[in-house]
Amino acid sequence: MLKKLAQSLISTAIFLAIILLVWLGASLAINNEAILPSISSVIVKAFEIVGKSEFASALGATVLHSLIGFAISFVVGFALAVLATRFKWVKRVCMPMVSAIRLLPTMAIALIVYLWTSAVVAPALVAFVVVMPTVYSQSLVALSSVDGELLQMAKVYEIKQSRVISKIYLPIISDALIETIATTLSLTLKVVIASEVLVGSGDSLGQLMFLAQNTYADSVLLFALVFWSIVIGLVAEWTIRLVYFGIKRGIYAKKYDNK
Amino acid sequence: MKRFLTCLVVLVICMVSLFSGCAVPHKAQIVCPDGAPALILSTLKDLDVSIKVYENSNAVATIGAQMVKGEVDYAILPVSNATTKNAQSNNQYVMAGVITHGNLYAIGLEDLGGVQNLVGKSVGVIQLNSVPGFAVKKMLEGKGIAYCTDYAQKSENNVYLFNIQPAQAMSHLSSEVALDKKADVCIVAEPLCSKLVSAKGAIVCFDVQDEYKHFPQAVLMVKKSVQNSALTTKIINALSAFDAQTVDVNESVQFVQSKMSSTTSLVGISRNAIVGSNVYFTHARTCKQEVIDYIQEIKTFDTPLASVAESVTDAFFME
């Protein structure tokens, strides 16, 4: 687990280094801040806007939209996957339904949903349309990987359902589940920002990006906002992985101590 | 052999020097976003200038980037963006004149009976946080009408403003939407306004320009290196000759269509739409102070994060 985590961290760092190098090369070649700002000016701007209340409230709103969207997507997606594992008919019903949701054009959904809901709910619902099918599919794969014979044995020995979940299901699906949470959380953030741009959610990171591009014509501000959205996505992803790693390590250490 | 090589080198140098000035002649390029400003372009049909109309939502950003790089000789874009992009291009351009003078209209399903009756009502505004929104807010401020952008603060004594997408104006006017999305009036721009009036049964409640002012919207920026050229004079003369009341509507629309990169069809553009777009060319000499004042006015919408426009001096304007 530690090795996998370290490998993942290293590959993320390498990817970031490549991106920064390409950016550096391109900004040196173009040499025009209004077209492609330099890394230094974006970093300076990024830290300059952190203290501004306009940025803080926009960021807070986007994080809130993302968390709402993610929570709905995860609860519904995972619950459907559990039901689909348990009941064949649910799986049969879910298959076309999830495919249909996956095929819905995100932008059209954003515009339609905006008419009926608030600027908070619209981006969250759009995130649901994009993220829920992914959560459902990945959860279904994880749940299907649990050995059927093991479950049969638990049934024969009349083991309590709570123990089946904690001792059989969780150890097998937890890795995949955490990975699903980590990746879909940052995907949610991305989708939410895109829909905020489209529906013009008054106070949000997406709307600030739109204004930076169209009203303020400020490329450095736009890049600084993109910088923060990437940082928040990465921090969220890695916090989840590291917290999970810590918990798992704690459990193993406890087991080892008991022995 | 040595002599032959020397002759060859001299010959090559001579040929290069001789033809170095024979590169493909540079054709002046004018770029413009679609919508109201593009309607004036048909006046340039007989001039030797390459015209490109950008119709996507990034049109202004694309044109701005071309200005910053100094790639185009003539660019038409909103004055607020023009000031910023010109500053970013190290002031390579000057403003030759204003092309559109505000094209915002309030539409509804029933007559409003005057702007004062907006109090206590909900108003959907296209681009609330940009130029159209600034104009509406300034109009309300000028009339002493309070406004809010948070539905929770809506009362009988103020006007609730919220952002709408142009294509959804009619949906916001219907009652089948969420309470905070239900508009009594929507502020939209021409040529969309005329389309909604003729095809969807909307009523024009008032002309924002009449209630606020005819403000400088899209402007023509000219590269300093060509500002004194004969072509620039011809372009300005041609643009000045544009008359919305007499222009051949079909020809004008077809011309714009032919200059667009996609096959988006410009259907339903009527003479009303062209007249309502307030398209007429005003030379920088006559509208300089108006532009300076307008820039100062919209700068009240600057935020601690960024500025909506760069302040301008006399150097911004073409003489």
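Student: How many residues does the contact take from chain B and from chain A?
Tutor: This is a predicted model, in which local features need pLDDT of at least 70, side-chain atom pairs count only at pLDDT 80 or more, and totals for chains, interfaces and linings use all residues; side-chain values use heavy atoms, without hydrogens and water. Residues are numbered from 1 along each chain as its sequence is written, and chains are lettered from A, ligands numbered from 1, in the order written. Contact means heavy atoms within 4.5 Å. The contact takes 31 residues from chain A and 30 residues from chain B.

Student: What area is buried between chain B and chain A?
Tutor: The size of an interface is often given as the accessible area lost when the parts come together. Buried area is the accessible area (1.4 Å probe) that two parts lose on being put together, summed over both. Carbon and sulfur atoms give 56% of the area between chain B and chain A, which is about 2500 Å².

Student: Which residues in chain B lose the most area to chain A?
Tutor: Three residues together account for 26% of what the chain B side buries. They are B:N129, B:K181 and B:L305.

Student: How many salt bridges does the rule find across the interface of chain B and chain A?
Tutor: A salt bridge is a side-chain nitrogen of Lys or Arg within 4 Å of a carboxyl oxygen of Asp or Glu. Over all chains the count by this rule comes to 15 salt bridges. Across the interface of chain B and chain A the number is 0.

Student: Is B:E251 buried or partly exposed?
Tutor: Buried means under 20% relative accessible area, exposed over 50%, and partly exposed in between (1.4 Å probe, protein chains only). B:E251 has 35% relative accessibility, so B:E251 counts as partly exposed.

Student: Which residue forms a salt bridge with B:E297?
Tutor: The closest N and O atoms of the pair are 2.7 Å apart. B:E297 sits in helix α11 (residues 284-298), and the partner, 84 residues apart, in the loop between α7 and β11 (218-223) of chain B. That partner is B:K213.

Definitions and conventions:
Helices (H or I, at least four residues) and strands (E, at least two) are DSSP runs, numbered from the N terminus.
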